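Here is a friendly note to read with the model open beside you. Take the points one at a time and find each place on screen as you go.

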Amino acid sequence: SWAAGMAARILHRLRHALAGEGAREERARDGCEAEDCPESSELEDDTEGLSTRLSGTLSFASHEEEDEEDEEEEDGGAGEELGELPEPTGEAAGAEDGGRCWDPVPRAPLPRAEWGPAAERPGGSLLTRQLQELWKKSRSSLAPQRLLFEVTSTSVVSERSSKYVLYTIYLIRSGQFDKAPATIARRYSDFEQLNRRLRSRFGCDMAGIAFPRKRLRRNFTAETIAKRSRAFEQFLSHLHSIAEIRRSPEFLEFFFLQDLRAAQRLTCTGMYREALATWANAYRLQDRLGACGSGRFLLTLAGLAVCHQELDELGEAHGCCEQALQLLEAQDSHPLLGPFLQAHVHLAWKVGKDKRRSEARLQGLQEAGLLLQQQPSLKECLIKEPLE
């Protein structure tokens, strides 16, 4: 029986420990030399059972393999659909036997509460899907997020006596998929102006940053456009890597000031649908660049609220006002506070939401001497705001 076989193996081990070389002779007489590793069959059986329970193979991937997996996941990768990960290879496959750690980044162990109800200890009866989800969570929580700049298309534009190349650039967070990406369209002279402004203010930081020089001819060949596209990507990435530069007004306004001006013009002329799309892109640009605490961002929220309201999208307009009021929580003297509070009270009444907090804040402002009757509306604030 299985129990008898197990007892016999344990007895062999005891004999080997006690008798040393004598046990080897005894095993030879008993015809046991053919079984060099008596526990091998147990390991094979256990591994087979584990594979059946897990319904897949856990991967120990190298750097290159991880990059490939990330790309597949962003595209809706096939690995998740199959419910499997690649099998371990090389040194990684031997990690259980004391090999070096397969993960190049030291990670803290997962909290016991995250093992799930199906397993009281790691390696128990977790399903492959649970293992994959825990692995993804641990990677995503510690993976650094970078902002990537990618020239996705170019076009040659002819205007009266001038001709130039327009570069369309996507701002992408690494490791994420944006359904509605933030985009800008800029020409060489726009990049040149940014380069000149930054060099005059950040001379030392800009000393090691290259910028593509002007050419006297062949500016519109496919080769030149392709080289400049890659150069502009590297230029923006290098600028963004320097904290002082990426927080500067010169750098930030290069991305969203043009959109704000265009959205303001469209709003003033009553083209609310077109204005809404432009305000929304300006919102995404500021979000990617980490500029959500600036006055420009509050103006963007005002533009979104006004356009949504004019298009009878009251729930969306109410949400924009709520987000703005959260940013203005600790500010009682901001010029947009009164207009946002009044708009929020009106919209909350329209959509059936709670407006008591905004009414209380308005009452407080009135008691402090603010004449609410003289406060401009959000739309009037948009029209009057100078965007220089």
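1. **Before you start.** This is a predicted model, in which local features need pLDDT of at least 70 and side-chain atom pairs count only at pLDDT 80 or more, while totals for chains, interfaces and linings use all residues. Residues are numbered from 1 along each chain as its sequence is written, and side-chain values use heavy atoms, with hydrogens and water left out.

2. **The whole chain.** The chain has 18 helices and three strands; helices (H or I, at least four residues) and strands (E, at least two) are DSSP runs, numbered from the N terminus. Of the 388 residues in the chain, 34% are buried. Buried means under 20% relative accessible area, exposed over 50%, and partly exposed in between, with a 1.4 Å probe and protein chains only. Among contacts with a separation of 6 or more, 61% come from residues 24 or more positions apart; contact means heavy atoms within 4.5 Å.

3. **Helix α10.** Look at residues 222-240, the 19 residues of α10. At 1.5 Å a residue they should span 27 Å, and the end C-alpha atoms are 27 Å apart, which agrees. The expected span is 1.5 Å times one less than the number of residues in the helix. Buried residues in α10 include I225, F232, F235, L236 and L239, and also R228 and E233.

4. **Helix α14.** How many of the 16 residues of α14 are buried? The count is 13, so α14 is largely enclosed by the rest of the structure.

5. **α14 beside α12.** Two packed helices are described by the angle between their axes and the distance between the axes. The axes of α12 (residues 249-268) and α14 come within 11 Å and cross at roughly 35°. Here axes are lines fitted to C-alpha atoms, for helices over the stretch in contact, and angles run from 0 to 180 degrees between N-to-C directions. α12 passes α14 in a left-handed crossing, meaning that the near helix is turned anticlockwise from the far one by less than a right angle (right-handed if clockwise). On the α12 side you will find E253, F256, L257, L260 and T267, which meet R296, T300, V306 and C307 in α14. These contact residues divide into five nonpolar, two polar and two charged. In this scheme Ala, Val, Leu, Ile, Met, Phe, Trp, Tyr, Cys and Pro count as nonpolar, Asp, Glu, Lys and Arg as charged, and the others, Gly among them, as polar.

6. **α15 beside α16.** The axes of α15 and α16 come within 9 Å and cross at roughly 140°, again in a left-handed crossing. Among the residues that meet are L314, A317, C321 and L325 in α15, with L337, F340, L341 and L347 among those in α16. By class, this contact has twelve nonpolar, three polar and two charged residues.

7. **Salt bridges.** A salt bridge is a side-chain nitrogen of Lys or Arg within 4 Å of a carboxyl oxygen of Asp or Glu, and by this rule the count comes to 13. One of them joins E313 and R273 (3.3 Å, N to O). This pair links distant parts of the chain, with E313 in the loop between α14 and α15 and R273 in α13, 40 residues apart. Another joins E310 and K379 (3.8 Å, N to O). E310 lies in α14 and K379 in α18, so the pair ties together parts that are 69 residues apart in sequence. E310 counts as partly exposed at 41% relative accessibility, and K379 counts as partly exposed at 28%. A further bridge joins E329 and R357 (2.3 Å, N to O).

8. **Two loop residues.** Which value does phi of R160 come near? Phi of R160 is near 50°, a positive value in a residue other than glycine. R160 sits in the loop between β1 and β2 and is exposed, with a relative accessible area of 92%. D312 also has a positive phi, near 65°. D312 is in the loop between α14 and α15 and is exposed at 61%.
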